[in-house]
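Please keep the sequence and the 3D view at hand while reading.

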Amino acid sequence: MSHTFNIIAKQQPAMLERVLRVVRHRGFNLQSLNVADCTESGNVEIELTVSGVRPIETLQKQLDKLYDIAHLELTSAADAVAIRA
Amino acid sequence: MTGAQLVLKVLQQHGIKHVFGYPGGAIMPIYDALYDSEVEHFLCRHEQGAAFSAVGYARSTNSVGVCMATSGPGATNLVTGLGDALLDSIPVVAITGQVFSSLMGTDAFQEMDVLGMSLAVTKHSFVVEDISELASTLHQAFELAQSGRPGPVLVDIPKDIQVGAVDFEPYPIPEKQIPVFEPDLVEQAKALIAAAKKPIFYVGGGVGMADSIEQLNALLDYTQIPAAATLKGLGTIDPSYPHYIGFMGMHGSKATNMAVQECDLLICTGARFDDRVTGKLDTFAPNAKVIHLDIDKAEFGKLRQPDVAIRGDFRELLPALAVKTDIAQWQAKCSALKTEHAWRYDAPGEGIYAPALLNQLSSKLPHDHVVSCDVGQHQMWVAQHMQFTSPRNHLTSGGAGTMGFGLPAAIGAQIARPDTMSVVVSGDGSFMMNVQELGTIKRFRLPIKIVLIDNQRLGMVKQWQELFFEERYSETNLSDNPDFLTLAKAFDIPSKTIHSKFDVEAGIDALINTDGPFLLHVAIDEKENVWPLVAPGKANHEMIEG
Ligand SMILES: Cc1ncc(C[n+]2csc(CCOP(=O)(O)OP(=O)(O)O)c2C)c(N)n1
């Protein structure tokens, strides 16, 4: 089952590596990744689609803990929930 | 001032008086600034020693520990200590020197991608790219290490930033942000507690880390609910609490595990359903509803689905949960289990029974003392047979189980709490993993008391080979150990070997009463195992007893 997150993150060194590392380490596969740099705000918009058998909330909560992530939204699941970092 | 001087000023702003580290090329400007700084630096003999000393410093005081190292191999040597701090949620700030920014990415001498390497072993990490961001980055590092669920944070500082010029600005330490919990959830939790017939508190390290030991004990007092502790939770529950059952998990007491398996409500308080606690997860406390209390919401439902989960500051959350209970039968059941499965120390023979020695040591130590242990059988014996009055007094590598933790962590504790007796309990395998730190003891004349439990084996691995690998003892024989007394002597540490149970009392007295450091070398039978035990993959009620 695949899930899509919309993320707004701070443009920081290794931010993207950190996100991808958490995805892999917590047991999910990357399906697609779209990154748009919004230079003026210093933020980056990320659309991240992952698949995996574990409950997606477990990944959502781990990603939400990342310091560089300002906003995280799970868009594809039926009961999409938005969490503010 | 220079960036290097600014680093030390920021440390002082955060109240840091002591740091642990090891110098090298890329961090030399900071070491030069240390030369006339009020921040006192303790030279360890390996960066892993520095990292563990920072961990011991942090754990024994519930504050932040600081370590530093040079680029490349200096930084890689910190990694194990940071990983250990991550798995036990310990606030540590690591500062690493990096090569000049212009040389980063060119495979320069001692240049490694420390930021990349740090990702899996820290809560967060930074590389400073501009000197104007140096102070704010360090402030963020201190804030992050200590806020929410604590953890290690690394700041990598290129050399050009250390030597650059910068102005120092005062920095108001921000007020801690306290998460607010939902009153509805508290009401639901209270209803579950009030309705439960067999409730149990499952107390982890989070209670001590949240500085809420008092609140937890007040809650226990009010509710009179039986309580069990994890490895990191030991020392949290007042030992005189009549319904304290004991240590839970793989090597916990049988009474505790049986009670937890039978409970109908598990109140998990600052703990995380670690596999060493739960045994086979789907058989753990199978009939229990679960209330999960933590500061980290990512723990909710990670392994066990809670019925009610509340994220909050325990100092406010725990008092809000006070409910009267009516569970006399259950209390009696737990007490009976505790009596039935009480520890016994009447081992046959003349040899030294390590659990008995540790129990005796525990009763002879001054009321306030720190015990720092290594990893293996001796670590479990410490947890089972020594008593602690605070989790700050029991330093043990829980999540990572890192051999080599004990000696440097005790050094950190001794420096943080110079008036408190600091005791290391180590094994002959673990001791050799950071044995170079005896040099740190010698240099600073630290009065650390070392109990070296020598079974001439990698005992815990040997025990598993015996039980689960058909007694095929692959690479666990250490009968060619060095002469530990000669080793101690080389570092000016007086020592003594004991072999017989009749020497135990004199040995402990020599350890405690000799001024300064001491090494008590305790020779035990290699056949001794840790009991009881939950075999890997088994349920906790299937505990086996020797
Ligand atoms: C750094 C590290 N390497 C390997 C292990 C695996 N391990 C766990 S316990 C143990 C044996 C420890 O032996 P010793 O320190 O003598 O203690 P004992 O079990 O004999 O009390 C080993 C090798 C570990 N925990 N940490």
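Around the ligand there are 17 residues, a residue being counted when one of its heavy atoms lies within 4 Å of the molecule; the closest are B:Gln377, B:Gly401, B:Gly429, B:Ser430 and B:Gly459. The model is predicted, with local features requiring pLDDT of at least 70 and side-chain atom pairs pLDDT 80 or more, whereas totals for chains, interfaces and linings use all residues. Residues are numbered from 1 along each chain as its sequence is written, chains are lettered from A and ligands numbered from 1 in the order in which they are written, and side-chain values use heavy atoms, leaving out hydrogens and water.

The table lists polar contacts of the ligand, that is, pairs of N or O atoms within 3.5 Å.

| Residue | Atom of the residue | Atom of the ligand | Distance |
|---|---|---|---|
| B:His378 | polar side-chain atom | oxygen | 2.8 Å |
| B:Met403 | backbone N or O atom | nitrogen | 3.3 Å |
| B:Gly459 | polar backbone atom | oxygen | 2.8 Å |

Taken alone, the ligand exposes 580 Å², of which the protein buries 77%, areas being computed by the Shrake-Rupley method with a 1.4 Å probe. In chain B, helix 16 (377-385), helix 18 (428-431) and helix 20 (459-468) each supply at least two residues of the shell; helices here are DSSP runs of H or I with at least four residues, and strands are runs of E with at least two, numbered from the N terminus.

Chain B itself is divided into domain 1 (3-163), domain 2 (183-340) and domain 3 (354-523), with bounds from an automatic or database domain assignment. The centres of domain 1 and domain 2 of chain B, taken over C-alpha atoms, are separated by 36 Å. Ten residues of domain 1 of chain B are in contact with eight residues of domain 2 of chain B, where contact means heavy atoms within 4.5 Å.

Between the two chains, the contact takes 13 residues from chain A and 18 residues from chain B. Chain A and chain B bury about 1300 Å² between them, 58% of it on carbon and sulfur atoms; buried area is the accessible area (1.4 Å probe) that two parts lose on being put together, summed over both. On the side of chain A, A:Arg18, A:Lys61 and A:Tyr67 supply 44% of the area buried against chain B, more than any other three residues.

Some backbone details remain. Most residues other than glycine have a negative phi, and most peptide bonds are trans. B:Asp211, however, has a positive phi of about 60°, and a cis peptide bond with omega of about -10° joins B:Trp531 and B:Pro532.

Definitions and conventions:
Polar contact = N/O pair within 3.5 Å; in protein donor to acceptor, adjacent residues only side chain to side chain.
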